[in-house]
Amino acid sequence: TPASDMWSTGIIIFIIFQGRFPDLVCPQLQVQDVGSANARDLIGSLLQEDPAKRPTAADAMRHPWVLDPSCASNRQHPGDLSVSLQSFVEFY
C-alpha cells in the first residue's frame with residue numbers, strides 16, 4: 001500500500017542518517033538520535049504507527065528536508081544528503 005511504502009521510506013532515511021536499521025519495536029524513540037531536526041520531523045511522520053497519519057509521497061516531497069538542501073545535512077555525518085536522496089529517487 002502507499003502507506004507501507006511511506007513507512008519503508010522512513011526506514012531508508014533513518015538508515016541514511018544512522019547507518020543502521022532502527023529497532024522496529026519502537027522506532028519513534030530512536031528518531032531523536034538523528035542530528036537534523038528537519039529529518040527527525042520527516043522520519044517521525046513517516047514512521048507513524050497509524051498508517052492513516054503518515055504523509056503521502058506528495059506531502060513528503062514538499063517537506064523542508066526534501067526541498068532545502070541546507071536542511072538535509074546531519075551534524076553527526078556532515079554532507080549534502082539531498083544529493084544522495086535525489087540520486088536514490090532518480091534510480092527508482
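Author: A helix here is a DSSP run of H or I with at least four residues, numbered from the N terminus. By that rule Gly10 is found in helix H1. Please keep in mind that this is a predicted model.

Reader: What elements does the chain have, and in what order?

Author: The chain has 6 helices and 0 strands. From the N terminus on, the pattern reads α-α-α-α-α-α.

Reader: How do you know how far to trust the prediction, and which elements have the lowest and highest mean pLDDT?

Author: The predictor's confidence runs from 0 to 100. The chain has a mean pLDDT of 81, and 74% of its residues reach 70 or more. Among the elements, H4 has the highest mean, 93, while helix H6 (residues 81-91) has the lowest, 61. Where pLDDT is low, the predicted coordinates should not be read in detail.

Reader: Back to Gly10: what makes it buried or exposed?

Author: The cut-off for buried is under 20% relative accessible area. Gly10 has 0%, so it is buried. Setting aside neighbours within four places in sequence, Gly10 is in contact with Ile43, Leu46 and Leu47. Gly10 and Gly44 lie 34 residues apart in sequence, with their C-alpha atoms 7.7 Å apart.

Reader: Which residues of helix H3 are buried, and what covers them?

Author: In H3 (residues 37-46), the buried residues are Ala39, Leu42, Ile43, Gly44 and Leu46. Their cover includes helix H1 (2-18), helix H2 (27-31), helix H4 (57-61) and helix H5 (64-67). An α-helix has 3.6 residues a turn, so residues three or four places apart point the same way.

Reader: Which residues have the most contacts inside the largest nonpolar core, and which elements supply it?

Author: That core has 15 residues, and those with the most contacts inside it are Ile13, Phe17, Val34, Ala39, Leu42, Ile43 and Trp65. The elements giving two or more residues are H1, H3 and H5. H1 provides the largest share, 5 residues. In soluble globular proteins, nonpolar side chains tend to be buried together.

Reader: Why is the aromatic pair called stacked, tilted or edge-to-face?

Author: The whole structure has 1 aromatic pair. It joins Phe17 and Trp65, with ring centres 5.8 Å apart and planes at 50 degrees. Centres must lie within 6.5 Å, and planes under 30 degrees count as stacked and over 60 as edge-to-face. The angle falls between those two limits, so the pair is tilted. Phe17 sits in helix H1 and Trp65 in helix H5, so the pair ties together parts that are 48 residues apart in sequence. Phe17 is buried at 1% relative accessibility, and Trp65 is buried at 1% too.

Reader: How many salt bridges are there, and what makes Asp33 and Arg20 one of them?

Author: The count comes to 2 salt bridges. The test asks for a side-chain nitrogen of Lys or Arg within 4 Å of a carboxyl oxygen of Asp or Glu. Asp33 and Arg20 have their closest N and O atoms 3.7 Å apart, so they pass. Asp33 is in the loop between H2 and H3 and Arg20 in the loop between H1 and H2, so the bridge ties together parts 13 residues apart in sequence. Asp33 is partly exposed at 38%, and Arg20 is partly exposed at 35%.

Reader: Finally, why is Thr1 called buried or exposed?

Author: Thr1 has a relative accessible area of 67%, which is over 50%, so it is exposed. Its place is in the segment before H1. Thr1 and Pro51 are 50 residues apart in sequence and 9.6 Å apart in space, C-alpha to C-alpha.

Technical notes
Residues numbered from 1 in each chain as written. Predicted model: local features only at pLDDT ≥ 70, side-chain atom pairs only at ≥ 80, totals over all residues. Heavy atoms only, no water. Buried < 20%, exposed > 50% of the residue type's maximum accessible area, 1.4 Å probe, protein only. Contact = heavy atoms within 4.5 Å. Phe/Tyr/Trp six-rings, centres within 6.5 Å; stacked < 30°, edge-to-face > 60°. Core = buried A, V, L, I, M, F, W, Y, C linked by side-chain atoms within 4.5 Å.
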